[in-house]
Amino acid sequence: MDYKDSSTDALMFITQRPDIVFERGQGSWLTDHAGRRYLDFIQGWAVNCLGHCPPEISDTLAAQSKQLINPSPAFYNGPMVELAGLLTRNSCFERVFFANTGAEANEGAIKLARKWGRLHRGGAHEIITFGHSFHGRTLATMSASGKAGWDTLYAPQVMGFPKAEYNHLDSVAALIGEKTVAVMLEPVQGEGGVIPAEIEFLQGLRKLTRERGILLIVDEVQTGMGRTGKLFAYQHAGIEPDIMTLGKGIGGGVPLAALLAREAVCCFEPGDQGGTYNGNPLMTAVGAAVIRRLLTDGFLDEVVALGEYLAQGLRDLAGKYGHVGERGSGLLRALILSDESGPQIVQRALAMEPHGLLLNSPRPNLLRFMPALNVTRDEIDEMLAALDTLLQGE
Ligand SMILES: *Cc1c(COP(=O)(O)O)cnc(C)c1O
């Protein structure tokens, strides 16, 4: 399509985008080039945890951009140190390495585990991951992912990622051998269809990995930063993993990610790991503003309450229209359909009157909901009312 003096054809075609160009966002609402409004229950893929353009982020970016943008990763800067302190004080980890994307943080986790295996487990390097998992789009993280078709898309894969079955402890135990250095999983498989790991599975994995002397890595790129109602999803199981990765919500919409590890695992030496933008103060200042807001009194309790409110609404609709049900954790939820109408519902939601609704269907038989963590009950009601209309028209 044409937009102002340009054509969208100048962009590489990597996904089918609708013929709209977004120009503004505020809270749970987006406005396109024609002035049409959309209620947003995607929020940049569970990224904008405080909604579009929250004052915490806009003000921090403006202030930090006048103070210091990029001293280089070879030097400390204030926001980088502050955010590392906030993350370590509020988790079981002692050290942080900042990255720009979730995939990059996961690459760092893979490197750290492999180095640890070289030093402490006789060169063990295999990391057990899971079917239907998603860890990113670099070559190694695609190889770690259990997405159908990704094993051949850019063959040859990076080796060393045997796949176990999610929520099936025996399938993990069966894969552990001399070459195994770690198990890596998402506490809720997001792209796989919002499938939560059972608490007993997480606890069993922690016990099993300890007994076998290997590491437990949680990919909390989607589940971290309050998304499930706790600051980090591993906390629901009362376990302490060895390594965690964060992305998405940590920047509330700006490119920021992090690799966290327990002191005993931190074996990078100078030269092993780095990156031009890693820990730059413009992004880490935003990360600090975001986590400070998540840690304010009652914020996470409200995420739990809002999650239950959304879940109840989805259950009611599932019952009313004979769909399968609902699942998820906190404000990462899915409506499980009895048919494969997900993509079609997403299309119709976009075109609704008087305003559009942004929904996501990671699999044809389900719709995923990942609103801002400060979404209001009125906005949830409005989304549910629109969804009711959409499901009626099936
Ligand atoms: C989105 C996601 C990633 C990849 O993050 P990018 O910032 O897109 O590289 C990795 N792991 C999980 C669980 C994710 O949801």
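How many salt bridges are there between domain 1 and domain 2? The count is zero, taking a salt bridge as a side-chain nitrogen of Lys or Arg within 4 Å of a carboxyl oxygen of Asp or Glu. This is a predicted model, where local features need pLDDT of at least 70, side-chain atom pairs count only at pLDDT 80 or more, and totals for chains, interfaces and linings use all residues. Residues are numbered from 1 along each chain as its sequence is written, and side-chain values use heavy atoms, leaving out hydrogens and water.

View 1. Domain 1 covers 56-294 and domain 2 covers 298-365, with bounds from an automatic or database domain assignment. Their C-alpha centres sit 27 Å apart.

**View 2. What gets buried between the domains.** The pair buries about 1400 Å², 63% of it on carbon and sulfur atoms; that is accessible area (1.4 Å probe) lost on being put together, summed over both parts. On the domain 1 side, V194, R227 and L294 supply 35% of the area buried against domain 2, more than any other three residues.

**View 3. Around the ligand.** Residues with a heavy atom within 4 Å count as near, and the ligand's surroundings include T101, N106, F134, H135, E186 and Q222. A backbone N or O atom of G102 lies 2.8 Å from a ligand oxygen.

Definitions and conventions: Buried area = accessible area lost by both parts, 1.4 Å probe. Polar contact = N/O pair within 3.5 Å; in protein donor to acceptor, adjacent residues only side chain to side chain.
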